[in-house]
Amino acid sequence: MGCRERTRGALNIPGARPSGIYTAGTAQKYVNIYGYMPGKSVVILGSGDIGLIMARRLTLEGAEVKMVCELLPYSSGLTRNIVQCLDDYNIPLRLNHTVVAIHGKERLEGVTVAEVDQNRKPILETAEFVPCDTLLLSVGLIPENELSRDAGVELDNVTSGPVVDNRMQTSVEGIFACGNVAHVHDLVDYVSNEGERAGESAADYISGTYVPDREKTIAVKAGYGIRYTVPQIIRSKSLTQNSVKIFFRVADVYKNVKLVVRSGNNILVERKKVKVTPGEMEILELKSQALQATKADEGLVVELKTNGEGQ
Amino acid sequence: MPEMKNLICINCPIGCMLEVTLDGDTINSIRGYQCKRGFEYARAECTNPVRTVTSTVKVKNGNLSVAPVKTEKPIPKRLILDCMKEINRCCVQAPVKTGDVIVENLLGTGVNIVATGSVPVAGKQKACFAAER
């Protein structure tokens, strides 16, 4: 299992159903693995990293990338990719814009692009026809968890992945999860790292050196400004290292904030940040010592503190 | 005649908006950075911007029709399109191994284009990145 790209079906864009509409990952596979070009003039919907990278890749291979439309007022991709994939090639990034209609019968002939208001509803007066033969969708990933569900693994509503503990074990003893099936990552290095930790835990479990302790568990909750955390549970007896890393995403773009992990009123870690965005995963490291003193019934809360000038 | 350039710093998620005034090739001022790295980035971008180019080359008789390649080191940004022309002109015989030099001394820059993945001869064994998928 892993993640599936969100498709046109998941977006409900009205209009005809011509060929020429691909997810960014599919287009990437065609170009990079098979050496096929998906089209000649391209519009990209969504500013995810794969979409941005494909904007550059297709431009270099001779296609004309007309624009990248992003529904939100900020890009979900990394700044590095905006600069090196769009700005370098003068590809416009249209924030607060979306595709509202698809035209063409056999092959895509164009899309209608419109600006959206604060409620993300298209403003019809701004609608504009953009001719193109290809539309790439780079609008996020959905973790695939049919197997986990069938196995009775408890899932997290926000990540759509299994609830895991600090050793990447799910709610079912002996089942471990990692990578994009647990939560969507932005950098592959984090995926590899998480995979190593899950593998190590599973090996220890099989050899009997790791006996999951079901009793002393500390719940990790996402507080103000935080969308989710991984792990969602810490089993303090099963700590192998001197520290535990908590991975999380913020819910919006904020400036001049503090990221805090607390237990009751006791602050365990805090870190100042000039800017945080949902597109970049955040990490806070907790010392195991601090955790030993944490009462299981109080749990941990990860939260964001603003200076009253959040965005 | 002073010229104004606007850049976005890529060193961290803050993405400072940088403003550089140039007089030909001389930098008059750099504004908008919040740390030293931003200053350095603006300077490098205005004097000698470089990029690593990643692409694919045609492969003959391989179990895939293209092999992934990149420039071994970043090359000057203005050469990117010429670099693509060189890459597109190339055609290599399978097998291709990770690290193989595909183009030596690209456009006189001293930088090689190297393979970043392997493509075995058709029908022999799985391509390494096909197995990793």
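Helices and strands are here DSSP runs, helices of at least four residues and strands of at least two, numbered from the N terminus. The legends below describe close-up views of a predicted model.

**View 1. Chain B carries three helices and ten strands.** Read from the N terminus, the elements of chain B follow the order β-β-β-α-β-β-β-β-α-β-β-β-α. The C-alpha atoms of this chain occupy a box of roughly 60 × 30 × 15 Å along the principal axes. The radius of gyration of chain B is 20 Å, whereas a compact globule of 133 residues would have a value near 14 Å. Buried positions make up 29% of the 133 residues of chain B. Of the contacts in chain B between residues at least 6 apart in sequence, 48% connect residues at least 24 apart.

**View 2. An open sheet of chain B is built from three strands in the order β1-β2-β3.** The pairing in this sheet is antiparallel. Because β1 (3-8) and β3 of chain B stand at the edges with a single partner strand each, one side of each has no neighbour in the sheet. Neighbouring strands are turned against each other by 25° on average, direction ignored. The antiparallel strands β1(B) and β2(B) are joined by six bridges. Lys5(B) lies opposite Val20(B) of β2(B).

**View 3. Asp25(B) lies in the loop between β2 (17-23) and β3 (26-31) of chain B.** Asp25(B) is exposed because 7 other C-beta atoms lie within 10 Å. Glu3(B) is 22 residues away from Asp25(B) along the chain, and the C-alpha atoms of the two residues are separated by 9.9 Å.

**View 4. Helices α2 and α3 of chain A are in contact, with α2(A) passing α3(A) in a left-handed crossing.** Two packed helices are described by the angle between their axes and the distance between the axes. The axes of α2(A) and α3 (residues 49-60) of chain A come within 9 Å and cross at roughly 40°. On the side of α2(A), the contact is made by Ala24(A), Gly25(A), Ala27(A), Gln28(A) and Val31(A). On the side of α3(A), Ile50(A), Gly51(A), Met54(A) and Arg57(A) take part. By class, the contact of these helices has five nonpolar, three polar and one charged residues.

**View 5. Three strands of chain A form an open sheet in the order β12-β14-β17.** The strands of this sheet pair in the antiparallel sense. At the edges stand β12 (226-230) and β17 (282-287) of chain A, each of which pairs on one side only. From one strand to the next, the twist averages 30°. Four bridges link β12(A) with β14 (residues 243-250) of chain A in antiparallel pairing. Ile226(A) is placed opposite Val250(A) of β14(A).

**View 6. Chain A meets chain B through contacts between 14 residues of chain A and 14 residues of chain B.** On the side of chain A that touches chain B, the elements giving two or more residues are α2 (24-34), α4 (79-86) and β16 (266-276) of chain A. The largest share of this side, four residues, belongs to α4(A). By class, the side of chain A that touches chain B comprises five nonpolar, five polar and four charged residues.

Technical notes: Residues numbered from 1 in each chain as written. Chains lettered and ligands numbered in written order. Predicted model: local features only at pLDDT ≥ 70, side-chain atom pairs only at ≥ 80, totals over all residues. Contact = placed C-beta atoms within 7 Å. Nonpolar A, V, L, I, M, F, W, Y, C, P; charged D, E, K, R; others polar. Rg over C-alpha atoms; globule rule 2.2 N^0.38 Å. Buried ≥ 20, exposed ≤ 12 C-beta atoms within 10 Å, placed from the backbone. Axes fitted to C-alpha atoms, helices over the stretch in contact; angles between N-to-C directions. Left-handed = near helix turned anticlockwise from the far one by under 90°. Pairing = 2+ DSSP bridges.
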